[in-house]
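Colleague: I am new to this structure. Please take me through one part in detail, the aromatic rings and what surrounds them.

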Amino acid sequence: SWATVNADTLPPPSRLSVAPLSVCAVRVQQAIEYTAISAQGPLPSPRIGLLVRYLGRCLRRFVACSGTVFLFRKSQIRPPVFFGYSDTCPSPPAPPAMSKTSMSDEVEKAKEAAADFEHSGKDGAGPPTVFDKLLSGEWKCDKVHEDDMCFAFRDIEPQAPVHILLIPKNRDGLLKLSLAREDQTPLLGHMLYVAQEIGKKECPNGFRLVINDGEHGSQAVLHLHIHILGGRQMKWPPG
């Protein structure tokens with residue numbers, strides 16, 4: 001019990017001047033028109049009849065323009081199946097591009113980093129990371145701050161208008177915050193002080209500091225780092 005409606009078999013477009021309709025609108029019109037056509041007896045209201053006829057004209061104009069084939073079944077209304085667009089009708093807009101970094105990507109990277117840590121023998125040295133290449137100068141970066149103890153640079157995949165990473169220059173076992181030793185307290189205090197100095201300068205209306213730790217903390221790089229985020233209103237609760 002299928003019925004096929006093709007642009008070649010439909011009457012010419014109505015004189016009513018309307019722009020090509022979106023796919024969602026066409027699906028609504030398709031359902032209304034088909035329901036009215038397949039209904040037994042007269043329509044329940046003259047106003048509904050006018051609405052259906054108006055939507056039908058819009059639908060015929062869209063089909064005649066786009067060369068679209070619709071498939072109907074009495075027991076089910078199916079979305080239109082598109083076989084192509086004519087040269088005179090614009091193609092539908094492309095879907096928005098996905099962000100470079102998604103939450104699932106970061107979670108997967110964190111799992112990989114946790115596995116690398118398990119295989120490293122947990123001796124404190126840890127596996128090499130991308131930060132080693134930045135500190136050695138092998139890879140270039142947009143440096144924000146550097147002193148004898150720490151190094152700050154802009155994230156290449158920012159999650160906010162301002163997104164800066166602050167890391168210790170000598171990792172010395174600081175793969176993550178939970179591995180910090182008591183003798184590293186001065187370094188940690190210095191890093192926090194530098195982070196707030198950068199935050200005040202880059203984000204005068206406020207900022208957020210984030211330290212990810214371990215797999216469940218979504219730490220993707222086994223080298224302690226502080227995220228300095230700002231330039232927009234932050235949400236709460238995070239993550």
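Modeller: Start with a term: helices (H or I, at least four residues) and strands (E, at least two) are DSSP runs, numbered from the N terminus. Two strands pair if DSSP finds at least two bridges between them. This is a predicted model, so local features need pLDDT of at least 70, side-chain atom pairs count only at pLDDT 80 or more, and totals for chains, interfaces and linings use all residues. Residues are numbered from 1 along each chain as its sequence is written, and side-chain values use heavy atoms, without hydrogens and water.

Now the strands. A hairpin of three residues connects S4 to S5. S4 covers residues 143-146 and pairs with S5 in the antiparallel sense, over three bridges. Lys143 has Phe153, in S5, as its bridge partner.

Phe153 also belongs to the ring pairs. Rings of Phe, Tyr and Trp (its six-membered ring) pair if their centres lie within 6.5 Å; planes under 30 degrees apart count as stacked, over 60 as edge-to-face and the rest as tilted. The structure holds two aromatic pairs. Phe131 and Phe153 make an edge-to-face pair, 5.7 Å centre to centre with 70° between the planes. This pair links distant parts of the chain: Phe131 sits in helix H4 and Phe153 in strand S5, 22 residues apart. Phe151 and Phe153 have ring centres 5.8 Å apart and planes at 35°, so that pair is tilted.

How accessible is Phe131? Its relative accessibility is 4%, so Phe131 counts as buried (under 20% relative accessible area, with exposed over 50% and partly exposed in between; 1.4 Å probe, protein chains only). Phe151 and Phe153 are buried too.
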